[in-house]
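Here's a quick look at a pocket and a strand in one protein model. Have the viewer open as you read.

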Amino acid sequence: MRLILLGPPGSGKGTQAQRLVHRHGIVQLSTGEMLRAAAAAGTPVGLQAKEIMANGGLVPDEIVVGIIADRIEEPDAKKGFILDGFPRTVPQAEALDELLRKKHLKLDAVVELRVNESALLARVEKRAEETRARGEEVRLDDTPEVLTKRLAQYRSLTEPLIHYYSERRKLLTVDGMMTIEHVTREINRILTALGALEPKEHEEAKSASKASKTAKKIAKQPTKKAANSAKPARKAAKGASKPAAKAKAAKKAAKKTAKQPAKKTVKKAAKQAARAVNARKGAKAAKKAAKKLTKKRAKR
């Protein structure tokens with residue numbers, strides 16, 4: 001993913017660039033930062049740039065384009081980069097197009113942060129106050145006088161880039177007066193819809209999502225372990241209840257067993273009585289038959 005952030009000084013380009021770097025793992029190529037680093041190092045080019053920046057001027061194109069050409073060759077820029085503060089003019093944009101063409105690279109999008117210039121002065125003054133409160137040195141271009149000059153330069157030199165990139169269907173405009181969070185969400189929404197992310201980045205996003213799910217799963221494991229630890233206790237409780245259940249069953253069986261002999265005795269006595277009755281009946285029948293036999297013999 002290769003992007004350009006456009007916007008007047010104080011529009012929040014640096015802040016949004018850092019957020020894109022953090023989210024997508026690309027590098028921020030801020031010509032201002034590179035030039036300030038050169039100025040702090042005291043190199044001839046750095047000293048020249050320092051004087052120009054202190055007066056609110058623009059560093060010559062050949063210096064800036066040379067810095068960009070060298071920087072995008074470094075390994076950390078292979079995955080993608082964000083150009084912050086460059087190009088500032090149409091000739092610089094044309095030089096960048098030629099540079100990317102030679103390197104067989106393409107620009108994915110140009111994000112314009114549109115802001116109300118009257119609100120920028122208060123924003124820059126606040127940034128200067130916060131810098132002083134941290135005990136850091138205020139940037140040379142963070143003064144009302146320099147800002148006024150830079151805004152005039154932006155209108156005359158940089159605003160034509162909006163038309164330049166709009167004609168090439170690269171321009172995406174975001175309301176830079178929203179909160180930082182809202183601006184970030186809108187930029188990411190636009191880039192997602194545009195499909196500016198490379199397939200590899202999508203895979204990494206999926207991997208990050210998978211890692212997040214795994215972390216959540218691991219976080220839940222102590223709860224599952226606790227539940228598993230409770231199982232032996234529940235099992236022991238069930239085991240403890242078994243003897244009571246067995247005792248109850250034994251008591252019931254004893255009652256049943258105690259009743260069984262009485263029932264058997266009654267049944268046995270009934271059978272014996274029945275046999276006795278049948279024997280008496282048999283004796284009577286035999287006596288009667290003997291009498292009949294005797295009468296028949298007497299008649300003869």
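Predicted model: local features only at pLDDT ≥ 70, side-chain atom pairs only at ≥ 80, totals over all residues.

Residues are numbered from 1 along each chain as its sequence is written, and side-chain values use heavy atoms, with hydrogens and water left out.

**The pocket**

α2 gives the second largest pocket the largest share of its lining, three residues. Both α2 (31-41) and α3 (44-54) supply at least two lining residues each. Of the 10 residues in that lining, Arg36, Lys50, Glu137, Arg139 and Leu140 lie nearest the centre. By class, the lining holds five nonpolar residues, five charged ones (Asp, Glu, Lys or Arg) and no polar ones.

A pocket is an open set of points on a 1 Å grid where a 1.4 Å probe fits, with protein on both sides within 12 Å along at least five of seven lines; lining residues have an atom within 4 Å of a point. The space in this one is about 280 Å³, counted as what probe spheres set on the points fill.

**The strand**

Five of the six residues in β4 (109-114) are buried, meaning under 20% relative accessible area.

| Partner of β4 | Bridges | Direction | Facing residues |
|---|---|---|---|
| β1 (2-6) | four | parallel | Ile4 and Val110 |
| β5 (171-175) | five | parallel | Thr173 and Glu112 |

How values were computed:
Buried < 20%, exposed > 50% of the residue type's maximum accessible area, 1.4 Å probe, protein only. Pairing = 2+ DSSP bridges.
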